[in-house]
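My notes follow, in the order I made them.

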Amino acid sequence: MRIIIVGPPGAGKGTQAKLIVKDFHIIQLSTGDLLREHRRQETKLGQAAIKYMDGGNLVPDEVILGMVAEEFKKPELKPGYILDGFPRTCPQAKGLDQLLEDRGLALDHVLVLEVPDSELVRRLTARRSCSECGHIYNMVFNPPAVDGICDLDGSPLIHRSDDTEETVVNRLGVYKKQTKPLIDHYQPQGVVRHIDGTGDMQDIYQRILAVLK
Ligand code: AMP
């Protein structure tokens, strides 16, 4: 099964992707996570990405496509994957079309999570994640038991440097201008599935399951 999950920042792509991965035994490939790992390891790519990420702008297409092409060489991806946060522009979608075509593969689903802007700003500015395991909390709807500490492994929680209100507003603008047009790119393939991304995390997941099964 090959899936793309698309949606504005804060729509819950990462959270839902993790639930799908568990049930369908496929791999989650998040370009945001890959970039954050490059930054943590202070690679050349990671250092080049800082200024784009912290301003809420997109990292150039050729950098992203090079990084994804490397990931596609891994045998773990054979059973299937969910692409989270990629593609984010039409050139990236065309690059992905080529990567798939070279392997004789096609996409099964493009899940589009729909959430109103006001809700996204509320979710993102209150979002915290575990510095070790990446588990996501929300200080309003889903806080940890002990303030600032991950329930799962006791590590400190961090506030992503691009989750400030100013950057969030820019990221929403970038999504509308550069990422939303992707839906038109995939429409002719008959794989686009719109999902209501509001409400409880498990309810949203049930809506996704209804589409996948
Ligand atoms: P995310 O964790 O998916 O919200 O990504 C965090 C940041 O990483 C984005 O705001 C971009 O700066 C960068 N990024 C992640 N994925 C991509 C992509 N496919 N294309 C360009 N930039 C990306």
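**Ligand shell**

I started at the ligand: helix α2 (residues 31-40) gives the most to the shell around it, with four residues. Helices here are DSSP runs of H or I with at least four residues, strands are E runs of at least two, and both are numbered from the N terminus. I am working with a predicted model, where local features need pLDDT of at least 70, side-chain atom pairs count only at pLDDT 80 or more, and totals for chains, interfaces and linings use all residues. Residues are numbered from 1 along each chain as its sequence is written, and side-chain values use heavy atoms, with hydrogens and water left out.

Which residues come nearest to the ligand? Of the 16 around it, they are T31, R36, N57, G85 and Q92; "around" asks for a heavy atom within 4 Å.

A polar side-chain atom of T31 lies 2.8 Å from a ligand nitrogen atom. For V59, a backbone N or O atom lies 3.0 Å from a nitrogen atom of the ligand. R160 has a side-chain N or O atom 3.3 Å from a ligand oxygen atom. The protein covers 96% of the 480 Å² of accessible area that the ligand has on its own (Shrake-Rupley method, 1.4 Å probe).

**Helix α7**

I then checked T179, found in helix α7 (residues 165-179). Is T179 buried or exposed? T179 counts as buried because its relative accessibility is 4%, and buried means under 20% (1.4 Å probe, protein chains only). Leaving aside neighbours within four places in sequence, T179 is in contact (heavy atoms within 4.5 Å) with V6, P87, R88 and V174.

Terms used
Buried means under 20% relative accessible area, exposed over 50%, partly exposed in between (1.4 Å probe, protein chains only). A polar contact is a pair of N or O atoms within 3.5 Å; within protein, one must be able to donate a hydrogen and the other to accept it, and residues adjacent in sequence count only if both atoms are side-chain atoms.
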